[in-house]
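Please keep the structure open beside you while you read.

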Amino acid sequence: MSFIEVRNVSFGYGRKTPFEVQALKDVSFSIEKGECVSVIGHTGSGKSTLMQMLNALIKPESGEILLDGKDINENKKTEAAARFRVGLCFQYPEYQLFGETCFEDIAFGPKNMGLHEDEIKRRVSLAADFVGLSKEKLSASPFDLSGGQKRRCAIAGVMAMLPEVLILDEPTAGLDPSGRDRVLEIIKKYRENTGATVILVTHSMEIAACVSDRILVLRKGEVACFGTPSEIFSRGEELIEMGLNVPSFTKIIIALKKKGFDVNEVYTIDDAASEIKKLLKGAGV
Ligand SMILES: Nc1ncnc2c1ncn2[C@@H]1O[C@H](COP(=O)(O)OP(=O)(O)OP(=O)(O)O)[C@@H](O)[C@H]1O
Ligand SMILES: [Mg+2]
């Protein structure tokens with residue numbers, strides 16, 4: 001049995017209204033403990049709905065979600081437990097900052113968990129450390145932070161609960177390249193330090209290719225495919241049909257191949273580097 005098992009899950013919004021939308025249709029997949037999975041899909045394909053389901057914020061209409069072998073929606077207790085074990089960082093989480101200080105914001109989750117005051121302090125300082133927020137910033141208002149710092153403060157609020165599964169819904173959206181790299185580094189560090197399972201929703205094919213063990217592709221509420229970056233990005237034409245793409249380094253290699261260079265199509269950044277090295281060596285550089 002896998003750590004997370006999603007079995008035949010379906011869900012619709014606005015049932016029995018003219019606005020009815022089938023957001024997820026018979027979705028099944030499983031994720032192993034410690035894996036990093038990216039979720040990609042055209043806008044409206046059901047990514048955010050699925051993420052909210054994984055931490056019991058939305059209940060499947062049919063099907064079930066098992067965490068460590070137990071149905072997370074079995075009763076109120078299992079739902080509450082799932083919310084702490086599975087930390088969800090929403091799209092644009094900084095819009096949900098509310099505290100007078102960053103400390104207060106980051107402490108919100110640990111407080112809800114009913115932890116002792118000393119433990120709350122320890123968790124806040126640990127999470128601030130993970131995201132690189134200084135002690136001075138902890139006593140500042142979150143509204144005085146820069147955009148990137150606000151995003152990191154919001155991520156720290158989820159990390160402070162030390163979730164075994166960390167879900168981030170488009171954590172790098174709207175950030176500049178250095179802010180984006182910083183957030184990716186933070187996620188990597190959290191994963192290395194805690195052994196957590198990480199699920200990352202992204203519109204960036206490069207991020208999906210570079211950070212994930214496997215990629216889940218959603219199309220109109222259904223699982224289109226689930227596999228390693230190489231397995232997924234070797235299906236370039238199918239992805240383009242779904243409004244997705246292959247990573248830009250794959251496109252460069254394909255363009256070189258079309259120009260007659262002797263290169264193999266590649267789907268990971270390491271393989272792209274090897275192909276380019278091979279070319280340079282062949283050219284005597
Ligand atoms: N609260 C809601 N009420 C009604 N319909 C909704 C609601 N949230 C999402 N939907 C609809 O459900 C479908 C799936 O939406 P969802 O937000 O899960 O997609 P997404 O893949 O996260 O999209 P995006 O890439 O734009 O974030 C879409 O058709 C969307 O319009
Ligand atoms: Mg979304």
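1. I begin with Asp213, which sits in the loop between helix H8 (205–211) and strand S9. This is a predicted model, and the points below should be read with that in mind. Asp213 counts as partly exposed, because it has 14 C-beta neighbours inside 10 Å, and a residue is placed in that class when its count lies between the limit of 12 or fewer for exposed and that of 20 or more for buried. When its neighbours within four places in sequence are left aside, Asp213 is in contact with Glu35, Cys36 and Val37. Asp213 and Cys36 are 177 residues apart along the chain, and yet their C-alpha atoms are separated by 5.4 Å.

2. The strands that follow this loop deserve a careful look. Strand S9 (residues 214–219) pairs with strand S3 (residues 36–41) in the parallel sense, over 5 bridges, and within this pairing Ser38 stands opposite Ile215 of S9. S9 is also joined to strand S10 (residues 222–227), here by 5 bridges and with the strands running antiparallel. On that side Ile215 stands opposite Gly227 in S10, while Leu218 stands opposite Val223 of S10. The hairpin of S9 and S10 has 2 residues between the strands, and in this hairpin Lys220 takes a positive phi near 45°.

3. Which residues surround ligand 1? The shell consists of Tyr13, Gly14, Val21, Ala23, Gly41, Thr43, Gly44, Ser45, Gly46, Lys47, Ser48 and Thr49. Two elements give two or more residues to this shell, namely strand S2 (21–31) and helix H1 (47–54), and H1 gives the most, with 3 residues. Sorted by class, the shell has 3 nonpolar, 8 polar and 1 charged residues.

4. The next point concerns a sheet. Four strands form an open sheet in the order S2-S1-S4-S5, with antiparallel pairing. S2 and strand S5 (70–71) each have a single partner strand and stand at the edges, so one side of each is left without a neighbour in the sheet. The pairing of S5 with strand S4 (residues 62–67) is antiparallel and runs over 2 bridges, and here the bridge partner of Leu66 is Asp71 in S5.

5. Two residues call for a check of their backbone angles. Most residues other than glycine have a negative phi, and most peptide bonds are trans. Asn8, although it is not a glycine, has a positive phi of about 50°, and this residue is found in strand S1 (residues 4–13). Asn8 is exposed, because 12 other C-beta atoms lie within 10 Å. Lys16 is likewise not a glycine, and its phi is positive, at about 60°. Lys16 has its place in the loop between S1 and S2, where it counts as exposed because it has 6 C-beta neighbours inside 10 Å.

6. Helix H7 (residues 177–194) can be described from both of its sides. H7 has 18 residues and reaches 26 Å from its first C-alpha to its last, close to the 26 Å expected at 1.5 Å a residue. Which residues of H7 are buried? They are Val183, Ile186, Ile187 and Tyr190, and they lie on the same side of H7 because they cover an arc of only 95° around the axis. The cover over the buried residues of H7 includes helix H4 (117–131), helix H6 (147–159), strand S7 (165–169) and strand S8 (197–201). On the face turned away from the buried side, H7 carries the exposed residues Pro177, Ser178, Asp181, Glu185 and Glu192. Just after H7 comes Gly195, which takes a positive phi of about 75°.

7. The last point concerns helix H12 (residues 269–282), which has 14 residues and reaches 20 Å from its first C-alpha to its last, close to the 20 Å expected at 1.5 Å a residue. H12 is followed by Gly284, whose phi is positive, near 75°.

Definitions and conventions:
Residues numbered from 1 in each chain as written. Chains lettered and ligands numbered in written order. Predicted model: local features only at pLDDT ≥ 70, side-chain atom pairs only at ≥ 80, totals over all residues. Near = placed C-beta within 6 Å. Nonpolar A, V, L, I, M, F, W, Y, C, P; charged D, E, K, R; others polar. Pairing = 2+ DSSP bridges. Expected span 1.5 Å × (residues − 1). Arc of directions from axis to C-beta. Contact = placed C-beta atoms within 7 Å.
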